[in-house]
Amino acid sequence: MESIIKPFVSEIQRYRVHIRAINSIEMPEYAGSALRGAFGHALKDSACLSAAQNKGKCVCRVEDACVYQQLFAPLAQQSQALSRHYTVAPPLIIEAHAMPSKLEPEQHAYFDVTCIGQQANAQWPIIQLALQKALKKGIGWRHPERGSAQLMAVNTLTVPEMEAQSTDDWHIQLLSHTRLQHQGHILKAQEWEASHWFMALMRRYTLMQEAYQLPLPQVNWQELAPLIAQLSWHSVDLHDVEWTRWSNRQKQTVPLNGVIGTFVLESVPPALQPYVYYGQWLHVGKNSMFGLGQYQIVSNTAESSPSS
């Protein structure tokens with residue numbers, strides 16, 4: 001089968017951030033949340049137009065063109081494609097599934113940052129500056145204080161064309177746990193169905209495409225809905241994950257349970273394949289801003305990153 005994705009769009013870029021621990025760093029169970037929080041504070045200090053005069057709170061309006069708001073806390077807008085008002089997901093995702101739980105002084109590690117849309121990629125110098133400040137100020141748990149790190153290098157990951165598949169069965173490996181919501185509650189692994197995951201993927205794809213003007217294939221819901229409903233799948237090792245994060249805003253722990261593991265989409269129709277491919281950069285499900293819902297397409301004999 002020939003590649004069905006070529007070329008990849010330049011409006012979606014994944015950057016690999018290499019760091020060196022200056023002193024001991026202990027990360028929470030999922031590092032993405034901690035890194036995002038530290039980055040958000042540093043970005044607000046560097047790029048928000050109103051926080052300094054409002055006790056650290058961003059009160060900028062759309063016309064103020066606040067970089068912090070654009071990258072970290074976009075305002076709600078109306079979706080024409082889905083005919084509903086929605087909160088726009090930030091165009092920046094910190095992906096930290098490869099971060100170790102503890103770094104000793106001088107130890108090196110890395111995490112990825114995916115920028116979605118021309119505006120986010122154009123702001124990379126500001127993003128990198130905020131990351132440098134966040135790492136220097138400290139990340140991870142306070143034991144007794146957060147450990148600091150130095151940003152050593154950043155490289156843009158190359159994006160391969162769609163690899164030819166020897167079969168229409170696609171193995172999907174969840175790199176970070178995924179939170180699918182159906183009829184108001186988060187699904188456990190035993191409740192998952194192929195259509196749940198794929199509809200969450202399509203909603204994410206549609207909203208990100210619309211919010212950030214991505215030149216991706218348009219979604220024809222009338223054509224694709226019957227194909228999604230007919231999808232079959234099987235679990236390889238899907239299982240539940242219990243996870244909580246501390247919310248500085250709510251001043252309490254917040255449960256963010258989900259599902260991790262690998263599953264197989266069976267006989268994926270060609271019309272659906274591009275959306276599965278692009279979803280490797282867009283993520284699926286709730287709380288993607290923390291890096292949740294990341295996945296990659298793998299062969300049944302080897303696992304390789306979609307962007308390395």
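**View 1. Strands S1 and S8 pair in an antiparallel sheet.** S1 and S8 run antiparallel and are joined by 7 bridges. Two strands count as paired if DSSP finds at least two bridges between them. Helices (H or I, at least four residues) and strands (E, at least two) are DSSP runs, numbered from the N terminus. Across from Tyr-15 stands Thr-156 of S8. This is a predicted model: local features need pLDDT of at least 70, side-chain atom pairs count only at pLDDT 80 or more, and totals for chains, interfaces and linings use all residues. Residues are numbered from 1 along each chain as its sequence is written, and side-chain values use heavy atoms, with hydrogens and water left out.

View 2. The order is S5-S7-S1-S8, and the pairing is antiparallel. At the edges are S5 (92–95) and S8 (149–156), each pairing on one side only. From one strand to the next, the twist averages 25°. H4 lies across S1, S5, S7 (108–116) and S8. Its direction is at about 155° to S8. Axes are lines fitted to C-alpha atoms, for helices over the stretch in contact, and angles run from 0 to 180 degrees between N-to-C directions.

**View 3. Tyr-15 and Trp-124 form an aromatic pair.** Rings of Phe, Tyr and Trp (its six-membered ring) pair if their centres lie within 6.5 Å; planes under 30 degrees apart count as stacked, over 60 as edge-to-face and the rest as tilted. The count by this rule is 11 aromatic pairs. The centres of Tyr-15 and Trp-124 are 4.1 Å apart and the planes meet at 15°, so this pair is stacked. Tyr-15 belongs to strand S1 (residues 12–21) and Trp-124 to helix H4 (residues 124–137), so the pair ties together parts 109 residues apart in sequence. Tyr-15 and Trp-124 are both buried. Buried means under 20% relative accessible area, exposed over 50%, and partly exposed in between (1.4 Å probe, protein chains only).

**View 4. Helix H7 carries a pair of tyrosines.** Tyr-277 and Tyr-278 make an edge-to-face pair, 5.6 Å from centre to centre with 70° between the planes. Both Tyr-277 and Tyr-278 are buried. H7 (residues 273–282) is mostly covered, with 10 of its 10 residues buried. Among them are Gln-273, Pro-274, Trp-281 and Leu-282. After H7 comes His-283, with a positive phi near 75°.

**View 5. Strand S16 has several antiparallel partners.** Of the 9 residues of S16 (residues 258–266), 8 are buried, so the strand is largely enclosed by the rest of the structure. Strand S9 (residues 170–178) runs antiparallel to S16 and is joined to it by 6 bridges. Here Gln-173 stands opposite Thr-262. Strand S12 (residues 232–235) is also antiparallel to S16, with 4 bridges. Ser-235 faces Phe-263 across that pairing, standing opposite it. Strand S13 (residues 239–241) pairs with S16 over 3 bridges, again antiparallel. Val-241 has Gly-258 of S16 as its bridge partner. Phe-263 also belongs to a cluster linked by ring pairs, together with Trp-192, Trp-197, Phe-198, Trp-233 and Tyr-295.

**View 6. Helices H5 and H6 pack together.** H5 (residues 194–211) and H6 (residues 221–229) pack at about 155°, their axes 10 Å apart. The two helices are therefore roughly antiparallel. Angles under 35 degrees count as roughly parallel, over 145 as roughly antiparallel, 65 to 115 as roughly perpendicular and the rest as oblique. From H5, the contact uses Ser-195, Phe-198, Met-199, Met-202, Arg-203 and Thr-206. From H6 come Trp-221, Leu-224 and Ile-228. Contact means heavy atoms within 4.5 Å. These contact residues divide into 6 nonpolar, 2 polar and 1 charged. Ala, Val, Leu, Ile, Met, Phe, Trp, Tyr, Cys and Pro count as nonpolar, Asp, Glu, Lys and Arg as charged, and the others, Gly among them, as polar.

**View 7. Thr-244 sits in strand S14.** S14 covers residues 244–247. Thr-244 is partly exposed, at 46% relative accessible area. Its contacts, leaving aside neighbours within four places in sequence, are Thr-253, Val-254, Pro-255 and Leu-256. Tyr-30 is 214 residues away along the chain, yet the C-alpha atoms of Thr-244 and Tyr-30 are separated by 9.2 Å.
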